[in-house]
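Please view the sequence and the coordinates together while reading.

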Amino acid sequence: MNNATPASAARPDRAPPPALTTTNLECFLQASEAHLPPLEVAPQSPLFHARLRGRGLHRSHLVKLASSPVRVTRTPRLAGLSGGDHTFKLVWQLHGEATMEQGGRSIRLSPGKMTVYRLSTPYRLQTFGDYRALMLSIDLAEVPEWRRLAEGCQGQALAWDAGAHAALAVLRSQLTWQSGPPVAQVEDAALELVFGSLWRHQRQQLHCAPLSSERITRARRVILQRIADPTLAPEDLASALNVSMRGLYDEFRRHGTLPPAAFIRELRLEQCYLALLDTTQRRCSITHIALAHGFVDSAHFAKVFRERYGVSPGELRKRDACVQH
């Protein structure tokens, strides 16, 4: 007796899912019903085109979408069709720009940013340019710790860290692999990575943002305005805020923020991270980016960057280039 199982039967879910490419809006809407929640879609340019590829995983649904500029609306009526308030969507912005409005909050998404939002709440999304994004919808009803993370981070434009990059690569593989590890195993690894990224972001928020103090908000603005000045010091912040040095440190301490000098360095590193992911700055050297953000020693910059993000500037840029292609 032959007990061998044909490869196609053993791994029916490993074949690359077919992609839809169309210039017909109605065709796109019909095909999207299997992969996206009910939406109203209005093209924002005379020539509409879209490419859609999606597949169901073990407990989530994965979609890669590319399109010309559109305005997408999930009305209250459509949002009410959701099964509950525990289904969230994670979005990695790959190319182009988008603005997202939900719950009275508006964010702008650019390449290298991600966001998470609840599908049971109405929202509006408008895309610009050659829009491309990877989207993962997941029901978190049975994972309360991840649900709390999603709720804490929803409606924010988050920069990818190394974990979010790795999760993106793992998920994209599910749209192209013909063979490989079981879907559930790969999906679990990706979810651990992405929710680990959300946890790190939430932890960072305790130190750097959101900023409830008006003075600290002004301090942040001063730092960003003088980000290229390597001599910027806490004394400059105290002067700009018209407070004593003691008053400055007390203000930061009272709001649970990093000390002023560490706060300055944190913002420099944050802006360098975003610059390294910015496709328009791809030709800028890492040294140029470091100097443009107030670091005077590229070796020291590489060291503190790795300590902060767990990856070197060069590795981050290389990973991002691989993801883009």
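This is a predicted model: local features need pLDDT of at least 70, side-chain atom pairs count only at pLDDT 80 or more; totals for chains, interfaces and linings use all residues.

The largest share belongs to β9, which supplies 5 residues. By class, the lining of the second largest pocket consists of 17 nonpolar, 3 polar and 2 charged residues.

## The largest cavity

Across the whole structure, a search finds 2 cavities of 30 Å³ or more. The largest cavity holds about 50 Å³ of space. Its lining is formed by Val91, Gln93, Ala98, Met100, Leu109, Thr115, Tyr117, Leu125 and Tyr131. Two or more of these residues come from each of β6 (87-102), β8 (113-118) and β9.

Strand β6 gives the most to the lining of the largest cavity, namely 4 residues. This lining has 7 nonpolar and 2 polar residues, with no charged residues.

## The second largest cavity

A volume of about 30 Å³ is found for the second largest cavity. The residues that line this cavity are Arg215, Ile216, Leu241, Val243, Gly247, Leu248, Glu251 and Phe252. Helices α7 and α9 (245-254) are the elements that provide two or more residues each.

The largest share of the lining of the second largest cavity, 4 residues, is from α9. In terms of class, 5 residues of this lining are nonpolar, 1 is polar and 2 are charged.

## Packing of α7 against α10

Helix α7 (residues 214-225) also takes part in a helix pair with α10 (residues 260-277): the two axes come within 10 Å and cross at roughly 55 degrees. Angles from 65 to 115 degrees would count as roughly perpendicular and those under 35 as roughly parallel; α7 and α10 are therefore oblique to each other. The crossing of α7 past α10 is right-handed.

On the α7 side, the contact involves Ile216, Arg220, Ile223 and Leu224, which meet Phe263, Ile264, Leu267, Glu270 and Gln271 of α10. Sorted by class, this contact has 6 nonpolar, 1 polar and 2 charged residues.

Methods. Residues are numbered from 1 along each chain as its sequence is written. Side-chain values use heavy atoms; hydrogens and water are left out. Ala, Val, Leu, Ile, Met, Phe, Trp, Tyr, Cys and Pro count as nonpolar, Asp, Glu, Lys and Arg as charged, and the others, Gly among them, as polar. Axes are lines fitted to C-alpha atoms, for helices over the stretch in contact, and angles run from 0 to 180 degrees between N-to-C directions. Angles under 35 degrees count as roughly parallel, over 145 as roughly antiparallel, 65 to 115 as roughly perpendicular and the rest as oblique. A crossing is left-handed if the near helix is turned anticlockwise from the far one by less than a right angle, and right-handed if clockwise. Contact means heavy atoms within 4.5 Å. On a 1 Å grid over the protein atoms alone, a cavity is a set of points where a 1.4 Å probe fits but cannot get out, and a pocket is an open set with protein on both sides within 12 Å along at least five of seven lines; lining residues have an atom within 4 Å of a point. Grid points are joined across faces, edges and corners, and a volume is the space filled by probe spheres set on the points.
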